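Please look over the sequence and the model before reading on.

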Amino acid sequence: MAIFTKIAAVAALAVPLLVAVPGTAQAAATPSGCSSVTQIGSTAYLNVGGETMASVKQYKGCGKNYSYIYVWQGYRSNHSSWDVCAAIVTGGGHDVQDPQCGHNDVELWSFGAATLSECTQALGWNGTGPIPYAGEVAVKTDVRC
């Protein structure tokens with residue numbers, strides 16, 4: 001009976017741990033060095049080779065604008081390797097600021113551009129940066145002023 005009691009106690013402790021394990025998140029809590037951000041504008045979708053590769057969003061917080069890219073599970077399941085970049089663009093979508101690129105990253109934040117007083121868009125693309133090159137697919141969110 002003592003062994004049954006021990007097994008029951010271990011099982012009871014393990015259940016909350018199993019329930020608390022999070023699934024795949026759609027967004028990281030915050031970028032490095034900033035404790036609170038708010039999404040601004042719409043979400044854009046990066047479609048590569050006929051499938052949705054990633055979501056791209058723009059956030060503001062800590063006196064900066066951030067671009068965030070999240071590579072979808074479906075894309076990750078079908079590909080063993082990918083490159084993504086995230087940046088903020090200004091000047092009518094032509095000036096790329098604070099790009100951050102990664103290889104096989106599931107989620108990636110740009111560094112943070114001090115552009116809150118400007119009209120901005122989040123830019124995401126499937127490449128190695130520092131700007132989208134010919135043959136790479138890029139997408140921007142709507143303009144936020």
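**Fold and disulfides**

The chain contains two helices and eight strands. The model is a predicted one. Read from the N terminus, the order of elements is α-β-β-β-α-β-β-β-β-β.

Of the 145 residues in the chain, 36% are buried. The accessible surface is about 7,900 Å², and carbon and sulfur atoms supply 59% of that area. Among contacts with a separation of 6 or more, 53% are between residues 24 or more positions apart.

How many disulfides does the structure hold? There are three. A disulfide is a covalent bond between the sulfur atoms of two cysteines. With the bonded cysteines numbered in sequence order, the pairing reads 1-2, 3-4, 5-6.

Begin with the disulfide between C34 and C62, where the S to S distance is 2.0 Å. The torsion about this S-S bond is about 95°, so the link is right-handed. C34 sits in the loop between helix 1 (2-20) and strand 1 (38-48), while C62 sits in the loop between strand 2 (51-61) and strand 3 (64-71), so the bond ties together parts that are 28 residues apart in sequence. Are the two cysteines buried or exposed? C34 has a relative accessibility of 4% and therefore counts as buried. C62 has a relative accessible area of 45%, which makes C62 partly exposed.

The next disulfide joins C85 to C101, with the sulfur atoms 2.0 Å apart. Here the torsion about the S-S bond is about 110°, so this disulfide is right-handed. Both cysteines lie in strands: C85 belongs to strand 4 (residues 83-90) and C101 to strand 5 (residues 95-103), and the pair links distant parts of the chain, 16 residues apart. C85 counts as buried because its relative accessibility is 0%. C101, at a relative accessible area of 29%, is partly exposed.

The remaining disulfide to describe is formed by C119 and C145, whose sulfur atoms are 1.9 Å apart. This link is right-handed, with 115° about the S-S bond. C119 is found in the loop between strand 6 (107-109) and strand 7 (121-125), and C145 in the segment after strand 8 (138-140); the two are 26 residues apart, and the pair links distant parts of the chain. The relative accessibility of C119 is 38%, so C119 counts as partly exposed. C145 has a relative accessible area of 74% and is exposed; a residue is called exposed when this value is over 50%.

Definitions and conventions: Residues numbered from 1 in each chain as written. Predicted model: local features only at pLDDT ≥ 70, side-chain atom pairs only at ≥ 80, totals over all residues. Heavy atoms only, no water. Helix = DSSP H or I, 4+ residues; strand = E, 2+ residues; numbered from the N terminus. Buried < 20%, exposed > 50% of the residue type's maximum accessible area, 1.4 Å probe, protein only. Contact = heavy atoms within 4.5 Å. Areas by Shrake-Rupley, 256 points an atom, 1.4 Å probe, with all protein chains shown as cover. Disulfide = S-S within 2.5 Å.
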